[in-house]
Amino acid sequence: MPFVIALLAPIFWGTTYALVNLYLQDMSPYWVAVWRALPAGILLLMLRPRLPTLAWTKLSLLSFCNIGAFFALLFIGAYRLPGAVAGTLGATLPLIFIILAWVIDKKRPGMKWLLLGLMGLGGVMLLLNPSADLDPIGVLCMLSATTLVALSSRWMQRWDVGDYLVLTAWQLFLGGLMLIPLAWFMSGAPQLPAMHVVPSLIWLVIANTALAYWAWLWSMRHLGPEIMGMVALVNPVVAVLLGVLIVGETLDLRQWIGIGVILLSLLLMKLPQRLSIHLFKNTPR
């Protein structure tokens with residue numbers, strides 16, 4: 001069951017690019033970020049109307065990094081890069097976890113996680129379109145956004161954050177409020193969305209944001225950053241598959257091999273530990 005919950009976040013997040021491509025192109029990306037975060041936070045606060053137990057300073061920092069700044073960087077990168085490229089850069093999360101632990105905690109990465117992280121990242125790189133024009137600002141924004149997620153995840157592991165539904169609700173609510181001045185400055189006053197995009201926004205708010213962020217935070221605490229970093233590789237796979245099935249994009253053999261490599265890295269994620277236990281039990285003493 002924990003892995004089912006863990007998979008909800010990258011699967012739902014993987015629908016973002018197809019959703020934007022098909023239905024939300026005419027909307028300002030900054031106001032889409034607001035409509036994604038703020039209503040989701042309000043909805044969760046209605047379900048769990050409680051004050052957070054985490055200090056307001058720490059909660060504000062998480063809301064800024066995990067929602068406000070992250071959403072802003074995400075959409076800047078998404079509009080400067082092809083969707084597959086932008087989604088792929090988010091798959092650097094496992095390696096960023098390893099780098100942060102190495103630099104900040106002086107913790108040498110285990111060979112298992114280093115190899116699996118590199119394997120998964122290599123598979124994701126195979127998904128990239130060779131003709132993609134990698135805008136440096138877009139790449140920097142996506143990598144910065146991913147780094148903010150990694151930092152926030154480390155903090156949440158170390159802090160007593162209390163109820164995860166309450167934590168998710170307040171992060172989305174405060175992060176959505178932080179995005180309003182940026183959206184107003186960049187795109188002017190908000191406009192009511194057209195009726196034909198309302199179903200897409202409902203999916204974006206409920207499944208893609210409220211449910212997915214709760215699942216991510218819950219799984220990060222129960223499964224740890226190494227495993228969740230690997231599980232996050234499902235995100236670009238879902239994004240590419242939806243692009244093929246719904247948007248009409250095509251994949252070559254190299255890209256299908258990339259999907260296979262990613263799934264194999266996820267499969268091997270727990271295999272080394274189980275294999276070592278099996279061998280240890282059968283070692284003569």
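Trainee: Starting with Asn21, is that residue buried, partly exposed or exposed?

Mentor: Keep in mind that this is a predicted model. Asn21 comes out as partly exposed, with a relative accessible area of 38%.

Trainee: Which helix is Asn21 in?

Mentor: Helix H2 holds Asn21.

Trainee: What about Leu241 and Ala18, how far apart are they in space?

Mentor: Their C-alpha atoms are 9.7 Å apart, although the two residues are 223 apart in sequence. Leu241 belongs to helix H12, and Leu241 is partly exposed at a relative accessible area of 28%.

Trainee: Switching to the surface. Which residues make the nonpolar patch?

Mentor: Leu22, Tyr23, Leu245 and Ile246 make a nonpolar surface patch of about 420 Å². The elements giving two or more residues to that patch are H2 and H12.

Trainee: And Ile246, where does that one sit?

Mentor: Ile246 is in helix H12. Its relative accessible area is 49%, so Ile246 counts as partly exposed.

Trainee: New topic, then. How many cavities are there of 30 Å³ or more?

Mentor: The count is 2. The largest cavity has a volume of about 390 Å³. Of the 21 residues lining the largest cavity, Trp13, Phe70, Leu74, Gly90 and Asn235 are the closest to its centre.

Trainee: Which helices supply at least two residues each to that lining?

Mentor: There are several: H1 (2–13), H2 (16–23), H4 (56–80), H5 (83–89), H8 (136–158), H10 (198–223) and H12 (234–247).

Trainee: What is the lining of the largest cavity like by class?

Mentor: It has 14 nonpolar, 6 polar and 1 charged residues.

Trainee: OK, charges next. How many salt bridges does a search of the whole structure find?

Mentor: It finds 2. In one of them, Asp163 pairs with Arg48, and the closest N and O atoms are 2.2 Å apart.

Trainee: Why would you say that pair ties together separate parts?

Mentor: Because of where the partners lie: Asp163 is in the loop between H8 and helix H9 (164–187), and Arg48 is in the loop between helix H3 (29–47) and H4. Those parts are 115 residues apart in sequence.

Trainee: How accessible are Asp163 and Arg48?

Mentor: Asp163 is partly exposed at 28% relative accessibility. Arg48 is partly exposed too, at 24%.

Trainee: Which residue does Arg50 meet in a salt bridge?

Mentor: Arg50 meets Asp163, with an N to O distance of 3.9 Å. This pair also links distant parts of the chain, with Arg50 in the loop between H3 and H4 and Asp163 in the loop between H8 and H9, 113 residues apart.

Trainee: What is the relative accessible area of Arg50?

Mentor: For Arg50 the figure is 49%, so Arg50 is partly exposed.

Trainee: Which residues end up in one network through shared partners?

Mentor: Arg48, Arg50 and Asp163 do, joined by their salt bridges.

Methods:
Residues are numbered from 1 along each chain as its sequence is written. This is a predicted model: local features need pLDDT of at least 70, side-chain atom pairs count only at pLDDT 80 or more; totals for chains, interfaces and linings use all residues. Side-chain values use heavy atoms; hydrogens and water are left out. On a 1 Å grid over the protein atoms alone, a cavity is a set of points where a 1.4 Å probe fits but cannot get out, and a pocket is an open set with protein on both sides within 12 Å along at least five of seven lines; lining residues have an atom within 4 Å of a point. Grid points are joined across faces, edges and corners, and a volume is the space filled by probe spheres set on the points. Helices (H or I, at least four residues) and strands (E, at least two) are DSSP runs, numbered from the N terminus. Ala, Val, Leu, Ile, Met, Phe, Trp, Tyr, Cys and Pro count as nonpolar, Asp, Glu, Lys and Arg as charged, and the others, Gly among them, as polar. Patches are made of residues with over 30% relative accessible area and no salt bridge: like charges are joined within 9 Å, nonpolar side chains (Val, Leu, Ile, Met, Phe, Trp, Tyr) within 5 Å. Accessible areas come from the Shrake-Rupley method with a 1.4 Å probe; for residues, only the protein chains shown count as cover. A salt bridge is a side-chain nitrogen of Lys or Arg within 4 Å of a carboxyl oxygen of Asp or Glu. Buried means under 20% relative accessible area, exposed over 50%, partly exposed in between (1.4 Å probe, protein chains only).
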